[in-house]
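Subject: Structure for you to look at

Dear colleague,

Please find the structure below. My notes on it follow.

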Amino acid sequence: MRVGGYILSTALAAAAVLAGCGPRGTGPVDPALAGFIPGDANVLAGVRLDQIRATPLGKQLADAGLLEPPGVEAHDLIACWDGKNWLVAARGKLRAPSTPGLASVGDVVLAGPPDSVRAAIARHAAKRRPPRELIDRARTLPAGSQIWAVTYGAPALPPAGERLSSTQRLINAMEDITASANLRSGIQAAATGNCLDERNARVVEETVRAMIGLGGQMLARGDQDLLRAYEGIRVERQGRAVRLEAAVPGDAAQKMLSSLIRR
C-alpha cells in the first residue's frame, strides 16, 4: 500500500497536486507504461522521477527520502485508481523480492493488490488500449510536465490521511481535474477543476484561497520572500471551473519546500 499511497498523494497533493498505446500523443505518459492502465481507471497520475532528481528542488526531495518508492529503483512512474483499487506501474528495477502484489514485466515494475497486478499483466499481454477519456486529458498537458494528474467522472479517491483530508474533500467536489507541474526553475504549476455545479465552484474557490493564505502565513513566518511567493499563487473561477496557477522562483521555492518537509 505504501507505493500506491506515495504516488497518489504526491501527484494529487502537489497540484493543490496524463495513452492509444504507442509513442503518438500520450502526453507525459511513458508509452511503455500505458498498456498497463486499467480500462476502468478514473484517476491517472505520475511523476517523472529522473527529471525531478536533476533539479535543485528534486535534490531536496531526494535528501528527504521522498523520491524513492519502497522496493523499486524507479525512473518514471504512473498510478491509477478505479474507485476501488490502485495500481502503480514504474519504469525501473525491482529491488525487493517479487510477490503477488509486486512484480516486474521486462523493465516495468507493477505494485498494487494482487488481483490488480495480475489483471494489468494480462491486459498488457493482450495489447489492450488504455481508457480514452484519461488519455485525451493527458494529451492536453504541457509536454514538460514532471508531476501530473488527471481525473474523470468525479472519482471517489482512496483515503489520504488526516493531513490531506481537506484536499480530498475539494477533489471529491469536482467532476474532473487536470493538473501539472515542473520543477526545472522553481515551481511552475497549473490545475483546473470542473466542479459539480457553480455553487461547488464558489466553495472550492473560497476554500483554496483560504488554504493558500493560511498556509502562507503559517509557513512563511514573516519571511518576505516566502510571503511574496504565496501571494503569487493565483486562483480564478469561471462558471463551474476553478483554475490555480503558481510561478514560484527558485530561491523562494526551495524555502517553501524546506518548510513543507519540516512539517
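Helix H4 passes helix H10 in a right-handed crossing (the near helix is turned clockwise from the far one by less than a right angle). H4 covers residues 56-63 and H10 residues 250-262; their axes come within 10 Å and cross at roughly 15°. Axes are lines fitted to C-alpha atoms over the stretch in contact, with angles from 0 to 180 degrees between N-to-C directions. H4 is therefore roughly parallel to H10 (angles under 35 degrees). Pro56, Leu57, Gln60 and Leu61 of H4 meet Ala253, Gln254, Leu257, Ser258 and Ile261 of H10, where contact means heavy atoms within 4.5 Å. Of these residues six are nonpolar, three polar and none charged (Ala, Val, Leu, Ile, Met, Phe, Trp, Tyr, Cys and Pro count as nonpolar, Asp, Glu, Lys and Arg as charged, the others as polar).

The model is predicted: local features need pLDDT of at least 70, side-chain atom pairs pLDDT 80 or more, while totals for chains, interfaces and linings use all residues. Residues are numbered from 1 along each chain as its sequence is written, and side-chain values use heavy atoms, without hydrogens and water.

Mean pLDDT (the predictor's confidence in each residue, from 0 to 100) is 83 for the chain, with 85% of residues at 70 or more. Residues 1-25 have pLDDT below 50, and this stretch makes 79 contacts in the model beyond near neighbours in sequence.

Strands E9 (residues 234-238) and E10 (residues 241-248) run antiparallel, joined by five bridges (pairing takes at least two DSSP bridges). Helices (at least four residues) and strands (at least two) are DSSP runs, numbered from the N terminus. Arg237 has Val242 of E10 as its bridge partner. Two residues lie between the strands of this hairpin, and Gly239 takes a positive phi near 65°.

Regards

Terms used
Angles under 35 degrees count as roughly parallel, over 145 as roughly antiparallel, 65 to 115 as roughly perpendicular and the rest as oblique.
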